[in-house]
Amino acid sequence: MYMAGGAFAASKTDSRGGRGGRGRGKGRGPPSSNSTSSPSPALLTANIKNARTLDSLFGTVTAHLGRFNHIHLSACWNTLGRLAAGADPLWFQRHAKELESLAQTTAEVAETSAEVRARELANIAHGAAKSGRAAGLGAVWAALADAIERRIGDCNAQELANVAWAFARAEHRSSALFDALAAAAEKRAADFNPQELSNTVHAFAKAGHSSPALFAAVAEASGRRLAEFTPQGLANTVWAFATADVASHAFFEAVAAAALSRLSAFNPQDLASTAYAFAKAAHASPALFEQIGASAARRLPSFTPQGLSTLAWAFAAAGHSSPALLDAVAAAAAARLAEFDPQGLAQLAWSLAKACRPDDALFAALARA
């Protein structure tokens, strides 16, 4: 099924250099008298944050990892997450040794440092998730989960949302941490901004961690502020409620009204995700489906294959008759059949059959695929 994405804003890393060493004020080796080879803690933080390439960043890691404290580690993972997004996908092969050392140091500091704060831990988690190497950082995630759980009362709204997003993206299951995040976020839902509300429930739904009380608190906090949500935020939030099987008639009605007033601003992914959510939740909204169908029909070439199959599934599952739209989806899909994965093809075929809109050309192409 369709998975709505979501951009996420990281907390800004503390720019203070802190004391030298590994979060406990102790370095691994004697400092050099040469200020170029042994920059001050504040300058070291600046060098890490200002790195423009992964080679430059890992050069600093190689030269000074023994002097890294919790603030340096926070800045390093933040920068790594930012740079990895636009780097060669195989960057980690060139820097495997440095990444392993960085991970070991990070896990040690998270486990043992009394100085590391919730803010640095949240930033490390966010950067690690964005690095694309989350699967190979099991020890880091385990140490972060324990450390953040112990400091959950110190987390602000953004840090709670950042941590939930990071652990969900990393697919690191930590029931104890998610329980702690849910309890803290539930109590402080009114302090969350729209993006934090959306990203928090999206993370819980993606992680498959049930928390009805948290979703109820988010529904209450969001209901008064839906006009402040971005189109992506609305789509991601309602997708989360549907995926988590949280029934809230009043909330879905409010989202439908908010979406209808701004549907022209929804991109293809938002349209497909919103339609999917209402269909999965079995929440009838004929006016919303009519407008989604009209908007989608004008932009079908911009839909991904997954978006096309999800859109068709939503209309078929919701029982909303839209023969012209489904015929157009079938035609668009037939021209791009090689781009579909098997699940998408099966979903599309089921949808057209369910809606009694079999397309001979498409089904012949599916038979040949």
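Asp 245 is exposed, with a relative accessible area of 61%. In this predicted model, Asp 245 sits in the loop that joins helix H12 (231-243) to helix H13 (249-260). Its phi is positive, at about 55°, although Asp 245 is not a glycine. Most residues other than glycine have a negative phi.

Glu 171 also has a positive phi, near 55°, and is likewise a residue other than glycine. Glu 171 is placed in the loop between helix H8 (157-170) and helix H9 (175-187). The relative accessible area of Glu 171 is 58%. Glu 171 therefore counts as exposed, a class that requires a value over 50%.

Helix H3 gives another picture. Of its 15 residues, 14 are buried, so H3 is mostly covered, buried meaning under 20% relative accessible area. H3 covers residues 70-84. At 1.5 Å a residue, H3 should span 21 Å, and its end C-alpha atoms are 21 Å apart, so the two values agree. At the start of H3, a side-chain oxygen of Asn 69 comes to within 2.9 Å of the backbone nitrogen of Ile 71.

The protein as a whole contains 19 helices and zero strands. Of its 369 residues, 54% are buried. The accessible surface amounts to about 15,800 Å². Carbon and sulfur atoms contribute 52% of that surface. Among contacts with a separation of 6 or more, 77% join residues 24 or more positions apart.

Definitions and conventions:
Residues numbered from 1 in each chain as written. Predicted model: local features only at pLDDT ≥ 70, side-chain atom pairs only at ≥ 80, totals over all residues. Heavy atoms only, no water. Helix = DSSP H or I, 4+ residues; strand = E, 2+ residues; numbered from the N terminus. Buried < 20%, exposed > 50% of the residue type's maximum accessible area, 1.4 Å probe, protein only. Contact = heavy atoms within 4.5 Å. Areas by Shrake-Rupley, 256 points an atom, 1.4 Å probe, with all protein chains shown as cover. Expected span 1.5 Å × (residues − 1). Polar contact = N/O pair within 3.5 Å; in protein donor to acceptor, adjacent residues only side chain to side chain.
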